[in-house]
Amino acid sequence: MINVLDLFGGVGLFLFGMSLMGSSLEKLAGSGLEKLLGKLTTSRIRGVGTLKGWGLGFGVTGIIQSSAATTIMLIGFVNAGIMTLVQAIPVVFGANVGSTVTAQILRLGDISSGNIFLTLLKPSSFAPMLLAIGAFIHLFIKDKKQKDIAGILIGLGTLFYGMSMMEQVFEPLKESESFKKFFLSFENPFIGILTGLVLTAIIQSSSASVGILQALSATGSVTYASAIPVIIGQNIGKCMTIILGSIGANKKAKRVALTYLLFNIIGALVFTVGIYSVYYLFGISGFSNPVNRGDIANLHLGFNLLTSIMLMPFSKFMANLTGKILRDKDEIVGEEEIRALDDMLLKTPGIALMQCKSLMKTMGEKIMENYDLATGLIQVEDKNARTVINENESFIDRCETVLSAYVVKIDRERLTIDNKRMMVEVLNSIGDYERMGDYAVKIAYVAGQAHEDKVVFSEKGMAEINAMVTATRQLLTMTLDAFDNDQQNTATKVEPLGRTIKNMKAIISEHHSERLQDGDCGVRGGVALHDLMGCFEGIAVHGRSVSRHVVKRLDPDRLQDEMHGLVMDRNEEEYKALEKYYFDKYLPKKQKKKDKKY
């Protein structure tokens with residue numbers, strides 16, 4: 001009889017070690033790993049994009065030790081429009097092969113030699129060292145990356161301890177005839193495949209279920225005839241996690257999950273029919289020989305690698321097939337920018353944050369478009385422009401609502417230090433973006449009201465307005481560029497330009513007051529002028545705010561005035577030179593001649 005409690009303890013340690021190692025590896029890789037997966041795997045050379053995708057899937061899964069986790073990431077990326085289905089399919093194929101890495105690591109337990117160096121490579125030898133080193137780092141070193149490394153070491157050590165416990169539990173079964181007879185039943189392909197499928201579906205990890213099979217191989221009762229069908233079943237059973245992960249996704253994302261399922265089902269059918277056709281017709285030498293951990297690792301690798309090679313040329317066909325099965329067409333429907341903030345991406349916080357930045361870039365483009373259209377309305381009325389402005393403003397408002405709700409859902413603990421700062425930058429800038437959009441719409445409203453009141457600005461008055469339009473446009477452009485492209489140098493230049501715009505408003509208002517006193521300016525025109533200047537100053541205020549968030553993220557140690565939010569000391573020569581440059585470029589000179597009435 002086996003000790004059931006020890007068996008459960010061994011399985012628990014094994015699964016916990018695998019989970020801890022995978023999560024620690026993922027944290028150590030950070031958002032860079034997720035960004036890598038999110039890149040489009042395309043190439044001008046035919047076939048190279050497919051190979052890149054396959055390599056990407058293999059590499060990422062080899063690192064995080066879970067093809068299910070990689071594929072769930074892909075489901076989120078396709079769901080959000082980051083990747084197309086055709087680009088994701090080779091990654092799925094590579095991920096299946098990458099899932100065999102764990103079994104290859106576990107085969108180290110087969111090492112047996114009098115050589116002290118080889119003996120140290122045995123898990124039973126280095127597992128205690130891994131745990132000791134990992135525990136020391138975790139307890140006494142505060143650096144987060146070092147703690148992630150400690151998690152990898154502890155996870156790997158725990159995994160091997162769990163494997164050793166299972167082997168010790170199974171040790172008495174070596175002499176058990178009833179156990180050998182029980183395992184002989186797995187030689188029936190239907191029973192073996194069903195057993196592997198159910199076991200893996202329950203554990204939700206083919207790497208873990210293959211590891212358990214490797215532990216059982218130490219009894220000497222596991223033969224090629226019993227191992228092969230179980231491994232085939234394990235590869236089908238691992239699809240359960242993917243199927244559950246695709247619930248609630250759109251049809252294109254579900255097609256990624258279906259591709260994963262078809263990959264393993266097609267592989268299972270081909271291997272089952274091929275192997276057992278040969279076996280029953282001609283026989284296979286050594287089919288009843290016992291296997292060790294290395295043999296099981298190779299069988300697991302062979303199944304996934306050969307299936308991957310077989311199906312790789314048919315990636316496009318697989319995409320079309322899943323479309324027909326799920327009745328999904330390839331044209332993109334709906335507003336992709338908003339849909340990009342998919343809750344499934346929250347499982348990969350780095351990518352979720354980058355999607356927020358991406359949506360804010362689109363948001364900024366709409367703000368700039370509205371600004372150009374609105375300032376154009378100051379001189380010429382255009383109903384079509386107003387329609388576009390209203391559509392853009394609706395989009396900007398929805399972005400503000402969606403972004404504000406989405407950013408706070410992102411798990412800060414799984415972000416790198418820079419991404420945490422980026423999260424603060426995004427969260428603080430969303431409102432500024434929305435307000436800049438509001439001011440652009442208000443410019444359009446004031447311009448429309450001026451046209452209704454038949455206000456005509458004088459030549460010099462219009463020159464002052466145009467100077468303000470140009471200066472504010474430059475500030476808006478610099479602000480959006482600094483935010484989108486992480487340009488610290490550009491962000492610091494926004495502050496003196498913002499101050500210049502504030503001075504421009506004061507001087508233009510002074511010019512207006514002089515004209516009003518001289519009877520050369522009408523009250524209605526003055527009201528419109530005042531409202532327009534307020535809009536330009538408002539955009540400048542919020543642009544300066546965004547630029548400060550950018551600088552604070554990129555250079556957190558830079559001197560900032562808490563009261564005024566300065567990112568550049570006004571006494572610095574660079575600041576003075578910039579302010580003089582903007583002053584000479586935009587600031588209207590004192591008027592000597594009277595203007596015509598507004």
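Modeller: Please begin with the contacts. Among contacts in the protein chain between residues at least 6 apart in sequence, 82% join residues at least 24 apart.

Colleague: What makes two residues count as being in contact?

Modeller: A contact means that heavy atoms lie within 4.5 Å. The model is predicted: local features need pLDDT of at least 70 and side-chain atom pairs count only at pLDDT 80 or more, while totals for chains, interfaces and linings use all residues. Residues are numbered from 1 along each chain as its sequence is written, and side-chain values use heavy atoms, with hydrogens and water left out.

Colleague: How many helices and strands does the protein chain have?

Modeller: The secondary structure comes to 24 helices and 0 strands. Helices (H or I, at least four residues) and strands (E, at least two) are DSSP runs, numbered from the N terminus.

Colleague: Why is glutamate 425 called buried?

Modeller: Buried means under 20% relative accessible area, exposed means over 50%, and partly exposed lies in between (1.4 Å probe, protein chains only). Glutamate 425 has a relative accessible area of 1%, and therefore it is buried. Its place is in helix H20, residues 417-452. Leaving aside neighbours within four places in sequence, glutamate 425 is in contact with Lys357, Phe483, His549, Val550 and Arg553. For the protein chain, buried residues make up 51% of the 598 residues.

Colleague: Is methionine 312 buried or exposed, and how do you know?

Modeller: Its relative accessible area is 14%, so methionine 312 is buried. This residue lies in the loop between helix H15 (293-311) and helix H16 (315-326). Not counting residues up to four places away in sequence, methionine 312 touches Thr50, Trp54, Pro90 and Phe93. Methionine 312 and leucine 51 are 261 residues apart in sequence and 8.8 Å apart in space, C-alpha to C-alpha.

Colleague: What makes H11 a mostly covered helix?

Modeller: Of its 11 residues, 11 are buried. Among them are Val210, Gly211, Leu213 and Gln214.

Colleague: Why are H10 and H11 called oblique to each other?

Modeller: Axes are lines fitted to C-alpha atoms, for helices over the stretch in contact, and angles run from 0 to 180 degrees between N-to-C directions. Angles under 35 degrees count as roughly parallel, over 145 as roughly antiparallel, 65 to 115 as roughly perpendicular and the rest as oblique. Helix H10 (residues 189-203) and helix H11 (residues 206-216) pack at an angle of about 125°, with their axes 8 Å apart. H10 and H11 are therefore oblique. Leu199, Thr200 and Ile203 in H10 meet Ser206, Ala208, Ser209 and Ile212 in H11. The residues of this contact divide into 4 nonpolar, 3 polar and no charged; Ala, Val, Leu, Ile, Met, Phe, Trp, Tyr, Cys and Pro count as nonpolar, Asp, Glu, Lys and Arg as charged, and the others, Gly among them, as polar.

Colleague: At what angle do H10 and helix H12 pack, and what does that make them?

Modeller: H10 and H12 (residues 224-237) pack at about 40°, with their axes 6 Å apart. That angle makes H10 oblique to H12. The residues of their contact divide into 8 nonpolar, 6 polar and no charged.

Colleague: How do you know which class an aromatic pair belongs to?

Modeller: A pair of aromatic rings is described by the distance of the centres and the angle of the planes. Rings of Phe, Tyr and Trp (its six-membered ring) pair if their centres lie within 6.5 Å; planes under 30 degrees apart count as stacked, over 60 as edge-to-face and the rest as tilted. The structure holds 12 aromatic pairs. One of them joins phenylalanine 136 and phenylalanine 140, at 5.1 Å centre to centre with 45° between the planes, and is tilted. Both residues lie in helix H7 (residues 123-140), 4 residues apart, about one turn of the helix. Phenylalanine 136 has a relative accessible area of 49% and is therefore partly exposed, whereas phenylalanine 140, at 59%, is exposed.

Colleague: Why is the pair of tyrosine 276 and tyrosine 279 called edge-to-face?

Modeller: The ring centres of tyrosine 276 and tyrosine 279 are 6.4 Å apart and the planes stand at 85°, so the pair is edge-to-face. Tyrosine 276 and tyrosine 279 are 3 residues apart in helix H14 (residues 251-281), which separates them by about one helical turn. Tyrosine 276 is buried at 5% relative accessible area, while tyrosine 279, at 29%, is partly exposed. Tyr276, Tyr279, Tyr280 and Phe287 form one aromatic cluster.
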